[in-house]
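Hi,

Here is the structure I promised to pass on.

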Amino acid sequence: MALTFRVILLAVFFCMSALSAQDKYTLSGTITDSQSNETLIGVNVLVPEIQSGTMTNEYGFYSITLPKGTYTIQISYLGFKTILESVNLNDDTTKNFQLQEAAESLDEVVITENVEQLNIKKPQMSVNALSIKTIKQMPVVLGEVDVIKSITLLPGVTNAGEGSSGFNVRGGAADQNLILLDEATIFNSSHLFGFFSVFNPDAIKDIKLYKGGIPAKYGGRVSSVLDIYQKEGNSSEFHMNGGIGLISSRLLAEGPIKKDKGSFLFGGRSSYAHLFLPLFDLDNVAYFYDLNTKLSYRLNDRNSVFLSGYFGRDVFSIQDSFENTYGNTVVNFRWNHLFSDKLFSNVSLIYSDYYYGLDLNFVGFEWESGIRNFNVKYDLKHYISNNFKLEYGLNSIYYKFNPGEINPNTENSGINPFKLIDKYAFENAVYLDAEHKLSNKFSLSYGARFSTFHRLGQDELNTYENDNPVLFNQDLGIYEKAEPTGTESFNRSDVIESFANIEPRFSLAYQLNDFSSIKASYNRMSQYLHLLSNTNSPTPLDVWTPSGKFIKPQLLDQVAVGYFRTFKDNIFSLEVETFYKTIENRIDYIDGADLIANNAIEQVILNGEARAYGMEILFRKNEGRLKGWLAYTLSKSEQRTPGRTSLETGINNGEWYNTPFDKTHDISLTASYDLNKKWKFSSNFIFQTGQPATFPNGQYEYNGIVIPSYESRNSSRLPSYHRLDLSVNFNPNPESEKRFKGEWVFGIYNVYNRRNAANITFRENRMSGTNEAVRLAIFGIVPSVSYNFKF
């Protein structure tokens with residue numbers, strides 16, 4: 001009887017499940033801009049009747065499953081008019097939406113309360129997004145809009161100061177950031193040694209910075225992911241826009257290949273300040289240029305293809321004796337395929353190359369180095385139900401590293417050709433991510449990434465006694481290079497060393513009430529590539545090297561906890577996060593390490609560890625004439641390399657010391673004010689604790705030579721960094737219905753002419769004979785003017 005009852009219960013359960021499944025249908029589609037047909041990322045799709053919703057993915061696709069019935073579908077996106085449309089759902093339905101830009105009414109509220117609550121509920125945390133519109137309104141040096149400089153105004157993000165490339169996230173190094181442009185890796189994100197970024201703002205559609213709780217689909221770096229997508233181009237009609245500045249200009253053209261089905265985008269940017277140098281009898285050259293392109297075509301309702309590319313170069317030369325050329329090249333072919341209204345897929349074939357060239361005519365040789373990779377990615381997103389979504393996929397990357405090659409550039413140079421040994425590697429990963437809504441208040445995101453890295457065979461590899469390329473001299477108390485005992489040769493298909501790591505990811509959100517929530521996350525990540533650099537920020541001369549027999553991969557563990565709240569119908573928002581992270585196998589260099597043209601880099605490297613912890617606060621005003629945010633970060637970033645045995649002292653006596661990117665206090669205040677439709681004002685104020693530095697603390701004389709002695713590593717600091725920037729946007733004819741529209745942008749960088757120290761050097765004063773400190777400052781006050789146009 002009991003058995004029969006159980007069978008009946010099971011039968012009823014399965015019948016109810018089947019009935020429930022039959023009564024549920026899926027609404028899916030794509031959401032685009034009505035003017036350009038550009039797909040929109042992160043659009044909120046809300047069903048108010050059941051307080052449920054979803055968001056569009058990176059390609060504008062959405063999918064939501066609902067019981068049979070009639071619903072009001074609310075589509076909302078910042079800067080666009082909200083759509084409210086009734087949908088009778090009695091079958092699986094495909095419905096595309098087109099959003100219209102909101103009219104420029106200074107008091108209009110575009111985003112409503114219910115939509116913003118979705119962000120409170122989602123477990124995703126430690127993520128910042130900036131719109132291109134916001135970035136273009138920010139004051140910048142020399143009037144050139146800069147994506148990288150803009151994200152340094154967010155909490156937890158800094159850089160090494162003016163004229164420095166890259167950026168640092170939560171106390172991490174610049175090489176620990178994964179920078180993606182249409183999914184392709186960018187190895188150098190700066191032009192002109194850090195003064196400008198490589199991203200043309202006119203070609204960019206979406207920017208997200210992940211600082212923690214990083215989804216499992218990302219890997220290969222241990223600090224952050226900067227994910228940038230280019231626009232697809234206007235498939236409705238032809239348009240052009242651009243800007244003319246004091247030192248650079250840009251132009252972008254977009255239009256349909258076939259109306260409403262295919263589009264193209266071509267953008268170019270170049271600096272030209274060097275053209276005026278001959279007027280001052282200067283025979284030097286310093287300029288950059290880059291090209292962005294994208295072709296998009298919708299084959300049918302279930303298939304779309306994209307071909308995107310970027311090419312950038314920097315050229316710097318001093319008369320005819322020296323020329324430096326470097327830059328990125330990326331190409332990406334993508335195929336979107338919709339298997340069903342619940343299963344979306346994307347296949348990407350990606351080529352990425354970073355090149356560095358140096359032509360030294362005064363000594364008669366040229367130098368080339370770089371890194372090249374080929375990447376295959378297959379990603380799927382499965383909308384199983386409104387409460388459960390899966391993302392899974394795989395990717396494989398083949399690397400070729402060229403550490404450097406020297407060739408004579410004249411017949412009489414006297415230089416013999418020399419080639420550092422090329423290195424090869426193969427990186428693979430599979431991942432699975434789940435987003436699970438357990439109740440109206442509690443949601444989870446969990447998953448894992450399994451990554452492997454194979455150091456492939458190379459022509460020659462040094463061998464050492466006891467596999468130890470670095471020796472410790474106990475008499476002198478210093479580390480020294482070990483002499484190789486021989487070499488090994490390998491076939492390209494051989495595997496010299498292999499690594500495998502499981503990288504779990506987990507985050508949760510608990511909604512306290514309609515306006516606040518608490519969130520927590522944990523993620524483990526692996527990094528198999530290392531940037532060899534002994535400067536505080538990357539330079540074009542730095543060389544990437546893979547993990548292998550003597551260099552271990554970096555391993556990160558990070559936890560974060562946060563409190564999130566909105567106020568006054570989402571006009572204001574507050575985010576408070578604390579984080580703690582540790583990194584194993586952070587490489588460090590022995591004193592006096594030579595990193596340039598070194599064929600045995602393992603002789604100057606030791607594996608250490610790093611840690612960082614802190615608190616971030618972000619307070620935003622999201623609507624109204626006055627918008628902006630206040631960001632504050634209190635943090636500590638340290639590293640140490642203890643001795644490998646009890647007899648070794650390690651680096652800095654094995655004690656923790658400040659990393660070059662440790663900034664105790666970091667405050668950013670960003671504000672914009674719309675006076676009227678003609679005039680808009682913006683300002684930034686930045687304060688940062690001075691960068692750690694190592695100064696001499698004495699000197700001694702040896703054989704008539706004065707030799708300085710130094711304090712412990714990074715135990716001193718440069719003076720605090722701070723500045724105020726202002727800009728004004730003037731649109732002379734905001735009501736004009738003409739096709740051609742333009743605006744002027746006036747800016748002042750560093751309004752009160754603060755001479756922020758880029759570094760401090762020490763020298764002997766020739767007059768007094770005493771030692772003195774000399775501060776190098778790159779920028780004082782810098783005015784700018786630019787003209788932007790579109791038609």
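Below is what I found, region by region.

Before you start: this is a predicted model, where local features need pLDDT of at least 70, side-chain atom pairs count only at pLDDT 80 or more, and totals for chains, interfaces and linings use all residues. Residues are numbered from 1 along each chain as its sequence is written, and side-chain values use heavy atoms, with hydrogens and water left out.

Strands here are DSSP runs (E, at least two residues), numbered from the N terminus, and two strands pair if DSSP finds at least two bridges between them.

Starting with the open sheet: four strands line up as β3-β2-β5-β6, with antiparallel pairing. Its edges are β3 (52-55) and β6 (83-89), each pairing on one side only. From one strand to the next the twist averages 25 degrees (axes are lines fitted to C-alpha atoms, and angles run from 0 to 180 degrees between N-to-C directions). Inside this sheet, β2 (residues 44-47) and β5 (residues 69-76) are joined by three bridges, and V45 has I75 as its bridge partner in β5.

Next, β20 (residues 262-271). Seven of its 10 residues are buried, so the strand is largely enclosed by the rest of the structure (buried means under 20% relative accessible area, exposed over 50%, partly exposed in between, with a 1.4 Å probe and protein chains only). β20 runs antiparallel to β19 (residues 248-258), with 10 bridges, and L251 sits opposite G268. Three residues separate β19 and β20 in their hairpin, where D260 has a positive phi near 65 degrees. β20 also pairs antiparallel with β21 (residues 284-300) over nine bridges; there, L265 is partnered with K294.

Then there's T463, in β30 (residues 461-463). T463 counts as buried because its relative accessibility is 16%. Apart from neighbours within four places in sequence, T463 is in contact (heavy atoms within 4.5 Å) with P484, T485, G486, T487 and E488.

Y702 is opposite I705. Two residues lie between the strands, and N703 in the turn has a positive phi of about 50 degrees.
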